Amino acid sequence: MSTQAAFCATLVDEWVRHGVAHAVVAPGSRSTPLALALAGRRELALHVVLDERSAAFVALGIGRATGIPAVLLCTSGTAAVGFHAAVVEAGLSRVPLLVCTADRPPDLHQVGAPQAIEQVGLYGRTPAWAADVDPLAWPAASWRSLASRAALATAAGPVHLNLRLREPLLGEPGDDVPAPRPGARPWHQRLEVDGAAAFTDGGLDLGDRRRVLVVAGDGCDPRRAAVGAAGPWPVLADPLSGWRVPHAGTVAAFDAIVRHAPADGDLAPDLVIHLGRPPASRALGEWFDRGDALHVLVDPAGRWLDPARRADAHLSAAPHHALQALQALQAQLAPLEDGWLARWQRAEVAAQAAITTVLAAHPEVTEPGLARDLAALLPDGAALVVSSSMPIRDVEWFAQPRHGLGLHANRGANGIDGVTSTALGVALARGAQPTACLLGDLALLHDSSGLNGLANRPCSLTLVVIDNHGGGIFSFLPQAAQLPVDRFEQLFGTPQPVDLHALAAAHGIPCRDVATAHDLAPSLAAATASGGMHMLVARTDRAANVAVHHELAAAVGIALEGLSG
Ligand SMILES: Cc1ncc(C[n+]2csc(CCOP(=O)(O)OP(=O)(O)O)c2C)c(N)n1
Ligand SMILES: [Mg+2]
């Protein structure tokens, strides 16, 4: 009998009760008791990933895709450091993640024992909760509570359990596993508090605000139906919100619209409800800064998502609770201004038509066109993982409302690292259902170790790579205009001399070019129909990309002028 084995079996049993369904294990010895406990439960899918950095992003992707933490396990030493980037992302994105690092007991620290590094507090203040646990020092009666508390705490992001494990590492749990709660109940549960009263209790003077605008960002409650058809407001819907669906109030082309709408014009709001994380659109933020609306921020977890320090009020309530409260309040207030919603609807229709017209005149692949088409073409039930840099912006600015597409992006830290591995995690969690990933050439190369073994994974994943030969986003910055071309290319453009087809071939991944705008549909259809791993490469030009963005913005501006004229 092994107390450590019993301890680990108890943790795993409690996590299964919390719905945990995936474990990602990076190989090593010190983690043996927990690795065996995880492998011993048929309720858990076990994914073994060599590189801890990649493993952690895979677990992150699973957490992202399911909302349920994956258990992430490694041995002691630098292995634990390898988790750090994804832990940071999980922390800032509040993606649930159960990070378990095996450690040597304290007496084997600072004496030259192998793989003994400082692991307590390794991830700083990032974890939502952290505990340094010596199973032999913790009474068995505390084990279930420890595991359950850790699982609940992942509602706020990654949880780090540093587990001090001693030799012998092998053994059977025996009868030492403490009794669980009756039935399938976990040890601790959280009760939902109804936040419907929160809005009216907030002491906000909403006075006679009659132009209410909702900004639905990443972190919204995706059950839009729960909002009761979202009320009579225009909703600027970031695709990551899950709210960019066909609906009377949905506004997708907000970035282009606000580039031209006067901040005191007939589209200007007097009350803005922000749900979740702000969209990437800088134009939107600047437009709000020029206006004088009241801003209310709502986040289910009470985060301070206000980099512009613009909020008049923060509201700790699930977004649908806040909207229900606002709806109730709306009934008591002055009615919305006549034509308020209709004006936004007309702007959206005009902007979408202008975007379509511009892109139709570009038979070559454009980055906005690729993002728009990819989001439209993926079959119902598909997921799209979007890389930071221009892909997430192009999807935010140009993807049209639709049902049936789940979007994911690591926007907590906006890293371009781990994108392929995150997409793999999302795809693994979804099995045969198609997953696509839109990413830049540098993001692909950054995580090229994420391609290791990809071809043999049991899932359907199509990587759609925009190869603009470097960091296209920097061409929009003053650096591009003000630095000598050589210096700009050296420090920002940073083209990499890698043959992407050869890279794919080296990993056994079928790869083809998307040579024209019309090539995407058949290539994508072929890839998703055959399943497995595919790479599509679309070549674009960074300077031409800036030009087409300007062309789109100008066309929307002219279309909006036509409306007011
Ligand atoms: C881990 C990480 N390193 C560096 C950056 C800084 N960065 C932001 S965008 C970018 C270039 C990305 O290039 P690519 O993936 O090709 O996308 P593109 O800009 O061409 O759309 C870099 C290096 C980052 N966000 N994350
Ligand atoms: Mg690029």
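The model is predicted: local features need pLDDT of at least 70, side-chain atom pairs count only at pLDDT 80 or more, and totals for chains, interfaces and linings use all residues. Residues are numbered from 1 along each chain as written, chains are lettered from A and ligands numbered from 1 in written order, and side-chain values use heavy atoms, without hydrogens and water.

**Ligand 1.** The shell holds 18 residues, each with a heavy atom within 4 Å of the ligand. Among the closest are Ser 389, Asp 441 and Asn 468. By class, seven are nonpolar, nine polar and two charged. Helix H15 (441-446) and helix H13 (390-398) each supply at least two shell residues. H15 gives the largest share, four residues. Helices are DSSP runs of H or I, at least four residues, and strands are E runs of at least two.

The table lists polar contacts, pairs of N or O atoms within 3.5 Å.

| Residue | Protein atom | Ligand 1 atom | Distance |
|---|---|---|---|
| Ser 389 | side-chain N or O | oxygen | 2.5 Å |
| Asn 468 | polar side-chain atom | oxygen | 2.9 Å |
| Ile 416 | backbone N or O | nitrogen | 3.0 Å |

Taken alone, ligand 1 exposes 580 Å², and the protein buries 75% of that (Shrake-Rupley method, 1.4 Å probe).

**Backbone.** Glu 167 and Pro 168 are joined by a cis peptide bond, with omega about 5 degrees. Pro 168 sits in the loop between strand E6 (158-164) and helix H7 (198-201). Arg 94 is not glycine, yet its phi is positive, near 55 degrees. The loop between helix H5 (84-93) and strand E4 (97-103) holds Arg 94. Arg 94 is partly exposed, at 25% relative accessible area; that class lies between buried, under 20%, and exposed, over 50%.

Key. A polar contact is a pair of N or O atoms within 3.5 Å; within protein, one must be able to donate a hydrogen and the other to accept it, and residues adjacent in sequence count only if both atoms are side-chain atoms. Ala, Val, Leu, Ile, Met, Phe, Trp, Tyr, Cys and Pro count as nonpolar, Asp, Glu, Lys and Arg as charged, and the others, Gly among them, as polar. Buried means under 20% relative accessible area, exposed over 50%, partly exposed in between (1.4 Å probe, protein chains only).
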